[in-house]
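Please keep the model in view while reading.

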Amino acid sequence: MNIHEYQAKQLFELFGVMTTKGSVVTTAEEAKIIASAFLSKEFVVKAQIHAGGRGQGTFKDGFRGGVHVVKTADEASKIAAAMLQNTLVTHQTGPQGRLVGKVLVAESVDISQEYYLAIVLDRASAAPLVIASREGGMDIERVAQESPEKIWKEPVHPLIGLQPYQSRNIAHHLGFRGKQFLAASTLILNLYRLFDQSECMMVEVNPLVLTKSGEVFALDAKLSFDENALFRHESIEAMRDMSEEDPREVAASAFHLNYIALEGDIACLVNGAGLAMATMDIIKHHGGEPANFLDVGGGATEEQVTEAFKILTQDPKVKAILVNIFGGIMHCDIIAQGIINAFKTTKISLPIIVRLEGTKVEEGKKLLQESQLPLQTASDLKNAAQKVVAAASISLSHSCSLIS
C-alpha cells in the first residue's frame, strides 16, 4: 500500500525525522489561509498523487508542473486552484494521468545540497538495504543508470537492525561533517525505525537536503507498506486512498483476490502466483499480450470466481479470457461452478478458453459440458495459449471491421 507525501510527513514527525512544516488542503482558499500562517518567505505547493516526477509533469489543460515555489499566499492560492481537480501526467502515471484532489502547502527552505536516501527490502539478500547518494533530486534514475558508483549501499542485518555505526558510515559517505554529520546520522536512524516498526516495503527520501543555515531535512517522501502486515497498523491502513488505485484492483481486494491490471487484451484467471506468471509467459510466447494478473488463490469460493469474472469483463481492452486452473487445494468443480454462475449473473460475450487439471478435474469438466456454455476447453497449457491468442485475434479483427 502506498500513501501520500503529506501522510508520510506525518509519520516522519511521529518518528523524529526532521521535515518541513506543512498542511494538506483541498481548496484554493485553504491554501491561502495555510500559507498566510507560515513565517517563511517562500512556500512550496505540491500536488498529492501516488506517482513520482510531479515537478516535471504536465496537467491535461496544459498547466505545467506539479510542484511550485511561491512567495505570497495569493500565489499559493492561485497555484492550488490550477492543480486541484486537474489531471497531472508524469512519466510514472502513464498518459491517463492522475486526478489531483489534494495539494500540500509547506514551508520552503534555502537548499545548499540535495541527497538521495532510501530504505528498501532487498530481494537478493532477503534483508533491508539502505541506498544513498550525493546526487539527489529529480535525476536520480539517470544517476543510477549512468554513474552507479555514486550510489552507496549499506546492507542491514534483519534481526539486529541498522546500527549507529552504520548510520554514521552512511552520513560520512554522503559528505556530512560536524553538527550536520550528527543530525544526518540521527535522521537516518529514525528513518530506519519508521521503516522497521511500520513494516514498510520502502521508504524513499528524495531529496534529503542540507540547508544554507546548516539544517538537515527530509523534504520529500514516498512510503509503501506490506499489505499483509496492515492488520497490525490500523492507523496506517486508514491512510489508504482508494481513489489512487485501479477500481478493478480495489474491487478484487474486497474479495481477497490478487489482481494487477496490465496493458494487453487477454484476461487471465489462474490459481497460484507461479502458475499465473507461467500463464502470462506462454501467452506472450505465442504472440499475445496479457491484460492482467489475477490469482484467485488456493482456496477460492464460487463467489470469488464469479466476482473475478465480473472484474475481468469490466476491462474494455479484453478480447478473450483464459482460465488456467491446476487443482490442489482448489477443486476444479468449484472453478467450473463459478464460471457457470458468472455466465448467469454477467453478460459475457467474450470467448473463454478453460484448461483444468488436478483435484476433481473430471467433475469440473462434466459441469462445464452439461452447462452447454459457449466456451472452449484446452488439453494442456500450450493448447490453451494457442487457442486464446487466436480467439483474441479474431475478436479484435471483428471489432475493427465493425468500426470501419
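Strands (E, at least two residues) and helices (H or I, at least four) are DSSP runs numbered from the N terminus, and two strands pair if DSSP finds at least two bridges between them. The model is a predicted one, in which local features need pLDDT of at least 70, side-chain atom pairs count only at pLDDT 80 or more, and totals for chains, interfaces and linings use all residues. Residues are numbered from 1 along each chain as its sequence is written, and side-chain values use heavy atoms, with hydrogens and water left out.

An open, antiparallel sheet is formed by 3 strands in the order E3-E5-E6. Its edges are strand E3 (58-59) and strand E6 (98-99), each of which pairs on one side only. Strand E5 (residues 87-89) is joined to E6 by 2 bridges, and Leu-88 stands opposite Arg-98 in E6.

The second largest pocket is lined by 15 residues; Ser-40, Ser-108, Val-109, Asp-110 and Glu-215 lie nearest its centre. A pocket here is an open set of points on a 1 Å grid over the protein atoms alone, where a 1.4 Å probe fits, with protein on both sides within 12 Å along at least five of seven lines; lining residues have an atom within 4 Å of a point. By class, this lining has 7 charged (Asp, Glu, Lys, Arg), 2 nonpolar (Ala, Val, Leu, Ile, Met, Phe, Trp, Tyr, Cys, Pro) and 6 polar residues (the others, Gly among them).

Pro-374 belongs to the loop between helix H12 (361-371) and strand E19 (376-377). Its relative accessible area is 60%, so Pro-374 is exposed (over 50%, with a 1.4 Å probe and protein chains only). The C-alpha atoms of Pro-374 and Val-109 are separated by 65 Å, and the two residues are 265 residues apart along the chain.

Note on methods
Buried means under 20% relative accessible area, exposed over 50%, partly exposed in between (1.4 Å probe, protein chains only).
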